[in-house]
Amino acid sequence: MVAGAVGVVDRVLAQVGKRVVGYAEQQETMLVQAHSTVRAAPCPTCRCWSGRLHGCYRRHLAERPILDKYVVLCVEMRRFKCMNAQCARRTFSEDIHALAGRHQRRTRSHARALHALGRALGGEAAARLAVELGLSTSADTMLRELRRSGDARRMPAPRVVGIDDWAIARGHRYGTIVVDLERREPIEVFEGREATAVADWLRAHPTIKIVARDRAGAYSEAVETALPRAQQVSDRWHLLTNLRDNVERMLQRLGPQMRQAAQQVVVGEATLGRQGSTRGSGLRAWQSLSDDRRALRLAQYEKVMALHDQGGTMKGIGRELAIDHRTVRNFIASGAFPERARRARGPTPLDAHRQYIEDRIAQGCRCPRQIWREVRQRGYAGSRATVQSCVVRLLSPQGRPTLVAARVRTMPCPSARRALGWLVGWRKLAVEEPKSVDHERFVQALCQIEPVVAEARSLAREFLGLMHRRRPREFDRWLTRLSKCSAPEMRSFASSLRRDLAAVRAAFTLPWSNGQTEGHVNRLKFLKRQMYGRASVELLRLRVLGKN
Ligand SMILES: [Zn+2]
């Protein structure tokens, strides 16, 4: 079996003019001896062939393991004399470039295995696994090999690139990733996202004609200074996100109207909320706790508004009251005290038996335990506590039954984010939910109370259609309508689009977008976390740029 494996080694070595003459097994290592069969070789300087032997030496090359043993090839190398009188070189050795690089102490196949492990796992983890797989190495060697493979990469000059930032330490240090959008490959990762750092990189790549970027100012500034003739493309995903944020801000401001609309929607049994049925003692405690929290929040809201009226800045108010400045901003933007959205409850196993429980209570049964036994016989598999709290809720404190059917239940007021999802029906950009008749009724009610919502809805939906069709003229008409919208949030979105008009229009005419770049940023984040966030930017760069 070993002889068979050595036969395979022999065939590989024959390609570089070597012949296996023997092998020795020493504990964990197999040493394969090979002689040279090369009679003449070309001089690397003058390319003249020479057959004048000068001497011999041996090279030891680590190879991938065979049959659980480390393999070392002990290869004879012949040195020849250059016979060309004009050549500066006196002697040269034969070329085994196909087997191993210059001065390398491992074969190319061994190095390739290390590169692949290094790119997949980073330094330490890859070195540990490599030793396990019989490729003796250390973490430092692994990094050195990774660096060597990174330097050796030759890239065609990029024409269309996407630029995005990523967090090295969120809120403190950021890096930049550049992706060749035509070849769908990351081509550079470096630290910093300031205009100067990005401009330096861009200046070194004058072949770039189109740059897709997010709507951050630094990148646009960098492209303008370094490559003033390059076409900038605003990223479609960021445009959509900006639109979403603006519509959401508008809905936050319309909090009172949203609550009014929610009260007009009578919900079906399946989306029953907690409200209107808080009679039990446990639930009463829960309710009072929630009331306490609301009171605290209301007090905080009033303090914020008082300070705001005195001319305090959002950050200043946040510092003074020790709350996040975003909370302050939400309070100020919402126009009235923003109620917490109530959590809508899904269907429960008890729903099927609710009618039966109501009937039994109407018949005069007061014992929750008895009712639990009965519903269990009817196939209910849930807990007793659920039945008990349901029975307690249906019984008033005086012990008189109050029939649920007599009460009208309205929809709990949704959060702005959820209402946005119902309004525009975008998946991924909003909370994903199955479509419901109640949601649509809520949207209709809201549009009636506040016609501006209907206006924003049609503008937002049209925007999505424009992105698919890519007709710049339609986009211009749409932008004019957006600038005249009665909601200030939409108008501010319009003016932000106008500030970056050339790049935004390009987004509607050119096929390039930063979707790919976002994907590569996600991969980068994954690699970063895989190394516990402790890897240097350099190692991260090597792994991101390496093909896997
Ligand atoms: Zn020569």
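Which residue with a positive phi follows helix α13? Helix α13 is followed by G379, with a phi near 110°. The structure is a predicted model, in which local features need pLDDT of at least 70 and side-chain atom pairs count only at pLDDT 80 or more, while totals for chains, interfaces and linings use all residues. Residues are numbered from 1 along each chain as its sequence is written, and side-chain values use heavy atoms, with hydrogens and water left out.

Helices here are DSSP runs (H or I, at least four residues), numbered from the N terminus. Within α13, which spans residues 368-377, the buried residues are I371, W372, E374 and V375; buried means under 20% relative accessible area, exposed over 50% and partly exposed in between, with a 1.4 Å probe and protein chains only. These residues line one face of the helix, because they fall within an arc of 165° seen down the axis of α13 (the arc is that of the directions from the helix axis to the C-beta atoms). Their packing partners are α12 (354-362) and α14 (384-394).

Helix α22 (residues 537-545) is largely enclosed by the rest of the structure, since seven of its nine residues are buried. Among them are V537, R543 and L545.

Turning to the metal site, the zinc ion has the protein donors C43 (SG), C46 (SG), C82 (SG) and C87 (SG), at 2.3 to 2.4 Å. Donors are N, O and S atoms within 2.8 Å of the metal (3.2 Å for Na, K and Ca). The arrangement is tetrahedral because the four donor atoms subtend angles of 100 to 115°; four donors count as tetrahedral if all angles lie between 85 and 135 degrees. C43 is buried, at 0% relative accessibility, whereas C46 is partly exposed at 23%.

How values were computed
Tetrahedral: all angles 85-135°; square planar, octahedral: opposite > 155°, others 65-115°. Helix = DSSP H or I, 4+ residues; strand = E, 2+ residues; numbered from the N terminus. Contact = heavy atoms within 4.5 Å.
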